[in-house]
Amino acid sequence: MGKTKAEWESGGGKNEKSIKYIPVQTIDSCCYAIRKETIEKYGFWKKRKGFHMYIEELCLRVRETGGIAVVIPVNLWHFSEGNSLDYSYYLSVKTVAYKYKSLDYINTTSFQWKNTKLLPLILNFYAVRNYIHHKIFIIKRVQKEETV
C-alpha cells in the first residue's frame, strides 16, 4: 500500500512483476502489510473510537494522494467469534463516510456501504439490531449454562 498505480504496474522490485494483485478501495483490518514509509508519511487515524476502520481510512487517505491499495490473493482463515460489529464499528463507519462524503460507497470486508444522507440512520439501525442480538445470545447462553 502507498505506491502509485504506475509504480505497481512497472514493478520496482526484484519479483514485484510476478506478483498478481488486485487494486481495491480499502483493505481489511484483519490481515494487512504496509510499507514503513507509508506509515511514516500518513500515520494512523488517531481520532477513531474503538479499533475499527483504521486501515480502511488509511487506504482512503493514501488514495486521495494518488496512491493505491492492493490485495494479493491468498488463502487465509480468520478465527473470530464474529461479534466484533459493535457500536464502535458503526460509529467508525459513520465517521469515515462523513469524512469521505464525495465517495459513492465505502467498502469494508463486512459490507459495501452506500454513502448517502440516510447512511447514519441505517448504521444506527444495525447498531441497535446487533446490540439486541448480542444481549439475546448472552441470555440464552446463561440459561443454557444454568440448565446444565
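In which helix does Glu 56 lie? Glu 56 lies in helix α3, where helices (H or I, at least four residues) and strands (E, at least two) are DSSP runs numbered from the N terminus. This is a predicted model, in which local features need pLDDT of at least 70 and side-chain atom pairs count only at pLDDT 80 or more, while totals for chains, interfaces and linings use all residues. Residues are numbered from 1 along each chain as its sequence is written, and side-chain values use heavy atoms, with hydrogens and water left out.

**Helix α3**

- Nine of the 11 residues of α3 (residues 54–64) are buried, so the helix is largely enclosed by the rest of the structure; buried means under 20% relative accessible area, exposed over 50%, and partly exposed in between (1.4 Å probe, protein chains only).
- The buried residues are Tyr 54, Ile 55, Glu 56, Glu 57, Leu 58, Cys 59, Leu 60, Arg 61 and Val 62.
- They pack against α2 (36–42), β2 (69–71), α4 (87–99) and β3 (105–107).
- Glu 56 has a relative accessible area of 5% and is therefore buried.
- Leaving aside neighbours within four places in sequence, Glu 56 is in contact (heavy atoms within 4.5 Å) with Thr 26, Ile 27, Asp 28, Ser 29, Asn 107 and Thr 108.

**Salt bridges**

- A salt bridge is a side-chain nitrogen of Lys or Arg within 4 Å of a carboxyl oxygen of Asp or Glu, and by this rule the count comes to three.
- Glu 57 and Arg 61 form one of them, at 2.9 Å, N to O; both lie in helix α3, four residues apart, about one turn of the helix, and both are buried.
- Glu 57 also meets Lys 99 in a salt bridge, at 2.7 Å, N to O.
- This pair links distant parts of the chain, with Glu 57 in helix α3 and Lys 99 in helix α4, 42 residues apart.
- Glu 57 counts as buried because its relative accessibility is 0%, whereas Lys 99 is partly exposed because its relative accessible area is 44%.
- Shared partners join Glu 57, Arg 61 and Lys 99 into one network of salt bridges.
- Glu 40 and Lys 36 meet at 3.8 Å, N to O; both lie in helix α2, four residues apart, and both are exposed.

**Nonpolar cores**

- A nonpolar core is a set of buried Ala, Val, Leu, Ile, Met, Phe, Trp, Tyr and Cys residues joined through side-chain atoms within 4.5 Å.
- The largest has 14 residues, and Ile 106 and Trp 113 have the most contacts inside it.
- Helices α4 and α5 each supply at least two residues of this core, and the largest share, five residues, comes from α4.
- Another core, of five residues, lies apart from the largest one and has Ile 27, Ile 55, Cys 59 and Ala 69 among them.

**Helix α5**

- Helix α5 (residues 119–147) has 29 residues and reaches 42 Å from its first C-alpha to its last, close to the 42 Å expected at 1.5 Å a residue, where the expected span is 1.5 Å times one less than the number of residues.
- Leu 119, Leu 123 and Ala 127 of α5 are buried, and the buried residues of this helix pack against α4 and β4 (112–114).
- Tyr 131, also found in helix α5, counts as exposed because its relative accessibility is 53%.
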